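Q: Could we work through the side-chain contacts of this structure, one kind of feature after another?

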Amino acid sequence: MKQKHAIEIGLIVYEKAQMAAILGLTDLLMVASKIAAKHQDTTDLPLQVSHWEIKGSKQQPTCTFSSNPDSAGKLAAVIIPPTLETPIAKQAAEPWLEWLRKQHSTGVILSSVCAGAFLLGETGLLSKRKATTHWGYVEEFEQRFPDVDLDVDRIIIEDGDIVTAGGAMAWTDLGLRMVDRFLGSQVMNEAARALLIDPSRREQCYYSAFSPILTHGDAAILKVQHWLQRTNAQDIDLSTLANCAQLEERTFLRRFHKATGMTSTEYCQRLRIGNAKDFLQFSLMPVEQIAWKVGYSDVSAFRKIFKRVVGLTPSEYRRRFTLDKE
């Protein structure tokens with residue numbers, strides 16, 4: 001019996017892409033998939049990997065490899081690997097852009113490693129968004145994409161529907177993050193142990209990542225999710241959200257809950273709290289300023305929501321998970 005709707009992660013094989021990263025990611029993801037299948041006591045692998053290339057005169061990405069060509073996979077994420085050459089030029093990136101934008105518009109997570117962020121940047125989808133790349137590319141990246149909020153002090157930035165990793169070997173971090181998102185933390189830890197990758201620093205993602213459902217197929221709701229991600233859920237008024245979806249308010253509430261598994265209020269709270277966690281981990285801003293920055297004018301309300309969602313107060317979270325412990 002054929003497996004239906006396996007989670008598919010696509011790897012972009014563009015000109016001069018680092019093949020070690022592509023093949024390494026393929027192996028990492030398949031090891032994790034086999035671990036997950038063993039847990040589920042099945043021979044059907046829940047995850048499959050595909051490679052996408054542009055060949056010939058068509059100038060359209062096509063699948064040139066699938067880890068299970070007989071399986072009906074559903075593309076859930078795309079990874080743009082690094083290159084050990086100069087970052088991809090604007091002209092060379094052009095044939096990929098429409099396809100990448102189309103994937104994103106259907107709920108596919110877009111991600112990049114190191115210089116792969118330049119191809120992702122050319123799509124325009126990083127505009128006003130947080131991202132990272134290799135520290136050696138800062139000047140060139142900022143010249144080409146001045147409206148991106150670049151932070152090369154972080155090895156990985158998960159911004160909902162877009163994930164970026166810095167450093168040529170950060171494909172291991174990104175691969176484990178994808179395993180954690182799609183197969184769970186237990187499988188991620190077992191895969192890390194099997195491949196002798198130290199997951200200690202990476203385990204913090206369990207506490208800092210908000211991973212919304214994006215592949216539900218409701219285009220109107222996905223449009224709102226993308227808008228909330230771009231604006232950091234600063235405006236969560238029901239009428240604004242319903243207008244964004246071009247739906248009547250009651251219809252919007254019903255469809256949003258059906259698509260995402262939570263109310264729009266819960267969703268926005270989790271997105272805001274996810275942003276607050278980043279500020280607590282990676283900045284010295286006081287809690288009051290963070291509350292205001294993520295959209296809460298009432299600091300006490302922010303503290304209550306944070307404790308309910310995370311299980312820790314903002315101060316406790318900062319003490320436990322700050323990266324600068326001396």
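**Reading side-chain contacts**

A: Being 3 residues apart in helix H2 (residues 90-105), Trp-96 and Trp-99 are separated by about one helical turn; helices (H or I, at least four residues) and strands (E, at least two) are DSSP runs, numbered from the N terminus. This is a predicted model, in which local features need pLDDT of at least 70 and side-chain atom pairs count only at pLDDT 80 or more, while totals for chains, interfaces and linings use all residues. Residues are numbered from 1 along each chain as its sequence is written, and side-chain values use heavy atoms, with hydrogens and water left out.

Q: How many aromatic pairs are found in the whole structure, and how far apart are the ring centres of Trp-96 and Trp-99?

A: A pair of aromatic rings is described by the distance of the centres and the angle of the planes. Rings of Phe, Tyr and Trp (its six-membered ring) pair if their centres lie within 6.5 Å; planes under 30 degrees apart count as stacked, over 60 as edge-to-face and the rest as tilted. The search of the whole structure gives 11 aromatic pairs. For Trp-96 and Trp-99, the ring centres are 6.4 Å apart and the planes stand at 70°, so this pair is edge-to-face. One aromatic cluster is formed by Phe-118, Tyr-137, Phe-141 and Phe-145.

Q: Are Trp-96 and Trp-99 buried or exposed?

A: Buried means under 20% relative accessible area, exposed over 50%, and partly exposed in between (1.4 Å probe, protein chains only). Both Trp-96 and Trp-99 are buried.

Q: Which residue forms a salt bridge with Arg-129?

A: A salt bridge is a side-chain nitrogen of Lys or Arg within 4 Å of a carboxyl oxygen of Asp or Glu. In the whole structure, 11 salt bridges are found. Arg-129 is bridged to Asp-159, with the closest N and O atoms 2.8 Å apart. Arg-129 belongs to the loop between helix H3 (116-122) and strand S6 (130-131), and Asp-159 to strand S8 (residues 156-159), so the pair ties together parts that are 30 residues apart in sequence. Arg-129 is buried at 2% relative accessibility, and Asp-159 is buried at 3%.

Q: Which residues are linked with Glu-140 in a network of salt bridges?

A: The network links Lys-90, Glu-122, Glu-140 and Arg-144. Within it, Arg-144 and Glu-140 form a salt bridge whose closest N and O atoms are 3.8 Å apart. These two residues are 4 apart in helix H4 (residues 138-144), about one helical turn. Arg-144 is partly exposed at 26% relative accessibility, as is Glu-140 at 32%.

Q: Over which ring does the charged end of Arg-154 sit?

A: A charge sits over a ring if NZ of Lys or CZ of Arg is within 6 Å of the ring centre and within 35 degrees of the ring normal. The charged end of Arg-154 sits over the ring of Phe-282, 4.0 Å from its centre. Arg-154 also forms a salt bridge with Asp-278, the closest N and O atoms being 3.4 Å apart. Arg-272 likewise lies over the face of Tyr-296, 4.9 Å from the ring centre.

Q: How far from Asp-180 is the nearest side chain of opposite charge?

A: Lys and Arg count as positive and Asp and Glu as negative; His and the chain ends are not counted. Asp-180, found in helix H5 (residues 171-183), is buried yet has no salt bridge, and the nearest side chain of opposite charge, Arg-177, is 5.2 Å away.
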